[in-house]
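Good morning, and thank you for coming. I would like to take you through one structure, element by element. Please have the sequence and the model in view.

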Amino acid sequence: MKIIETKKLTRKFGSFTAVDSLDMAVESGEAFALLGPNGAGKTTIIKMLTTLLPATSGEAYIGDFNINTQPNKVRKIIGYVPQMISVDGTLTGLENLLLFAKLYDIPPGECKPRALNALEFMGLSDSGKKQVHQYSGGMIRRLEIAQSMMHRPKVLFLDEPTVGLDPIARKTVWDHITKLRKEFNTTILMTTHLMDEADNLCNRLAFMSRGKLITEGTPQELKNSINKPDATLEDAFIHYTAETLSEGKTFSEVSRERKTSKRLG
Amino acid sequence: MNTFIRKTWVITDFEIRKILHDPTEVLMRAVQPALWLLIFGQVMARTRMVPGENYLDFMSPGILAQSVLFVSIFYGIAIIWERDLGLTHKFLATPTPRTALVLGKALSAGIRCIPLMIIIYILAALLKVHIIWNPVNLIGVLLFLILGAILFSTFSLIIACLVKTRERFMGIGQILTMPLFFASNAIYPIALMPNWLKVISHVNPLTYMIDGISHVNPLTYMIDGMRVLMIGSPTGFSLFTDFTVLIISSAVFVIIGGGLYKRVII
């Protein structure tokens, strides 16, 4: 069953087309990664699918709901972890979870047990009562994921989930994402720049460039599709996106990304 | 409507917890109004600017309203801050009415002002301002204070959504506060103003808020309960007018703010 489907989804910023007539589908229960150079339109797609950014034209469905006409219904069945920090540093871990539990209309009696469970699930039980500004980068990411899972969404959007994390923290975050998929059978749509992240976590990938989807398939299919023995995913990535690589980044994007890395690191 | 009220309260509730985790900021805010009362007020009291009335009585509600204005008008910077972090994105991806997000934050700005009210009352009492301690009057002042905070913090949020960067916001905030403050009856009666300034003053919501506070408040002689206490002050709106002006403008701002809030992230 298709849980995410886009039909000619397009977003323009002035004369620049960030996402160009995208047709894409994700099956229920899949973990799907969007890979592509900076400025390929990955984050813009996520922002449209999470109803944060209106589409210029085209349509998309999450579950049975249209993102253009039923945004509130879409919001109820999705969870979203933005690239930047999305928990409040002044609140404790537990409070951050309770806040979103309540915003997602979880019955009052169930908020606290569920938040405590989520802390335990993410290995944060000991830090639940600490203010989040005392957390490490990896703990913050796990808390953010827990926060977006409070209402057991059908689809979880992760925008570069391990950007700026050290290898150990990254591994822990990966383990928890895998565990979460097993336990709740959540469909995951993520963006990443890390080939091994996509290879490890996802069963299907798409390469994007300049707002268009270039090719998609399982990691193995993509590796096999280029004429090179023992090709890695990185080889495939370069093969498919190299000719379209551009400088692509604006000052504000670079500065935002560095800030995010610094805070998480 | 039920959802709206509940979600508004969820946002406010967690904003209150943030204040409780770190109350220093709120307490530091009390320094400025204290200086106005203790220094500016003491000097100006000697000018006998407001005929027949104790200047500190006249000024205390004005300073209370002024501190509410100063706290609230920079509230928008918190929205830009949260946007830069990524929190706003996450809030907007939840099924929460946008107006509830805006009103919840605005209401918490009002709650941030409550310690100011307590401190100003204590200072005013020490300065022998003629305070009316009737609970009805106190609640009335509180109501005006919270309404005023909602109004100005939402106004601030609207500006933040339009200008989007901290630098521009700080600039505009500075430009706005002083005219709002000086073109009001906070520290001198409107009767003393030249005519052109009176016109500005009458369209300034701060005037109504101070007027309202003066009505129910202590600080002015409320012997006849109504406006006359501010001797020489011809604003003389009824309490009902003050309240209506504040509540309607707050509602309009919250609706506009709710519409604009999503734009802060684009």
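Predicted model: local features only at pLDDT ≥ 70, side-chain atom pairs only at ≥ 80, totals over all residues.

**Two helices of chain B**

The crossing of H4(B) and H9(B) is right-handed.

Which residues of H4(B) meet H9(B)? They are B:Gln66, B:Leu69, B:Phe70 and B:Ile73. On the side of H9(B), the partners are B:Gly173, B:Leu176, B:Thr177, B:Leu180 and B:Phe181. By class, the residues of this contact between H4(B) and H9(B) comprise 6 nonpolar, 3 polar and no charged.

Let us turn to chain A.

In chain A, 6 strands form an open sheet with mixed pairing, and their order is S6-S7-S8-S3-S9-S10. Where does this sheet end? Its edge strands are S6 (78-81) and S10 (212-217) of chain A, each of which pairs on one side only. On average, neighbouring strands of the sheet are turned by 15° against each other, with direction ignored.

Within the sheet, consider strand S3 (residues 31-35) and strand S8 (residues 187-192) of chain A: they run parallel and are joined by 5 bridges. As one example, A:Leu34 has A:Thr191 in S8(A) as its bridge partner.

Helix H5 of chain A, residues 137-148, touches S6 and strand S7 (155-159) of chain A, and its direction makes about 160° with that of S6(A). Helix H9 of chain A, residues 233-241, touches S3, strand S9 (204-209) and S10 of chain A; the direction of this helix makes about 35° with that of S9(A).

Finally, we come to the contact between the chains.

How many residues does each chain bring to the contact? Chain B gives 19 residues and chain A gives 24 residues. On the side of chain B that touches chain A, the elements giving two or more residues are helix H1 (2-21) and helix H6 (87-92) of chain B. H1(B) supplies the largest share of that side, with 6 residues. Sorted by class, the side of chain B that touches chain A has 9 nonpolar, 5 polar and 5 charged residues.

Methods
Residues numbered from 1 in each chain as written. Chains lettered and ligands numbered in written order. Pairing = 2+ DSSP bridges. Helix = DSSP H or I, 4+ residues; strand = E, 2+ residues; numbered from the N terminus. Axes fitted to C-alpha atoms, helices over the stretch in contact; angles between N-to-C directions. Contact = placed C-beta atoms within 7 Å. Left-handed = near helix turned anticlockwise from the far one by under 90°. Nonpolar A, V, L, I, M, F, W, Y, C, P; charged D, E, K, R; others polar.
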